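Have the coordinates open as you read.

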Amino acid sequence: MSENNADSSYTYGIYVVNSDNMKFLDNSVSSYSDDGRRYPAITGLKFEGSSDNLIENNVVTGNEAEGIFLYKSNNNSLEGNNFSLNDESISIVSSSFNLVNRNIASDNRLYGIYMREGENNFFDKMIILNNG
């Protein structure tokens with residue numbers, strides 16, 4: 001899935017369930033429509049029970065909760081994404097062995113990164129600023 005715009009979605013900009021070995025490249029998930037009005041999704045990108053995916057160079061802004069939420073999802077690579085103006089930028093729950101590399105987590109209302117009940121997640125070369 002590449003070069004898509006998921007603007008002004010209601011619940012999720014992109015929701016992926018039980019899907020493995022996929023690529024999500026150069027997508028835009030935003031709560032702002034073409035007319036400039038704000039219609040926020042709850043979560044920009046949600047991966048549930050999904051493993052071995054590449055999530056790269058996406059822009060995720062203005063969501064009510066998470067920019068990206070990995071739940072029970074392992075061995076994913078998040079690289080070069082920009083998460084801003086969400087409640088939480090990157091939320092990883094009950095997920096392990098994920099690589100989070102060269103992402104920007106900025107100007108989020110609560111957390112740049114939130115993690116719970118996971119192990120061996122690796123973070124490298126992150127820019128995390130002006131959160132919470």
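Is Glu 117 buried or exposed? Glu 117 is exposed, with a relative accessible area of 58%; here buried means under 20% relative accessible area, exposed over 50%, and partly exposed in between (1.4 Å probe, protein chains only).

Before going further, a word on the ground rules. This is a predicted model, in which local features need pLDDT of at least 70 and side-chain atom pairs count only at pLDDT 80 or more, while totals for chains, interfaces and linings use all residues. Residues are numbered from 1 along each chain as its sequence is written, and side-chain values use heavy atoms, with hydrogens and water left out.

**Salt bridges**

Side chains of opposite charge can pair when their charged atoms come close. A salt bridge here is a side-chain nitrogen of Lys or Arg within 4 Å of a carboxyl oxygen of Asp or Glu, and by this rule the model has five salt bridges. Three of them are included in the table.

| Salt bridge | N to O distance |
|---|---|
| Lys 46 and Glu 48 | 3.6 Å |
| Arg 116 and Glu 117 | 3.5 Å |
| Asp 124 and Lys 125 | 3.9 Å |

Lys 46 counts as buried at 11% relative accessibility, whereas Glu 48 is partly exposed at 23%. Arg 116, the partner of Glu 117, is partly exposed at 39%. In the remaining pair of the table, Asp 124 is partly exposed at 28% and Lys 125 is exposed at 60%.

**The sheet**

Strands (E, at least two residues) are DSSP runs numbered from the N terminus, and two strands pair if DSSP finds at least two bridges between them. Five strands form an open sheet with parallel pairing, in the order E3-E6-E9-E12-E15. At its edges lie E3 (23–25) and E15 (122–124), each of which pairs on one side only. From one strand to the next the twist averages 5°, with axes fitted as lines to C-alpha atoms and angles running from 0 to 180 degrees between N-to-C directions. E3 runs parallel to E6 (residues 54–56), and three bridges join them. Across this pairing, Phe 24 stands opposite Ile 55 in E6.

**Two positive phi angles**

Most residues other than glycine have a negative phi. Glu 117, although not a glycine, has a positive phi of about 55°, and it lies in the loop between E14 (111–116) and E15. Lys 125 also has a positive phi, near 55°, and is found in the loop between E15 and E16 (127–129).

How values were computed:
Helix = DSSP H or I, 4+ residues; strand = E, 2+ residues; numbered from the N terminus.
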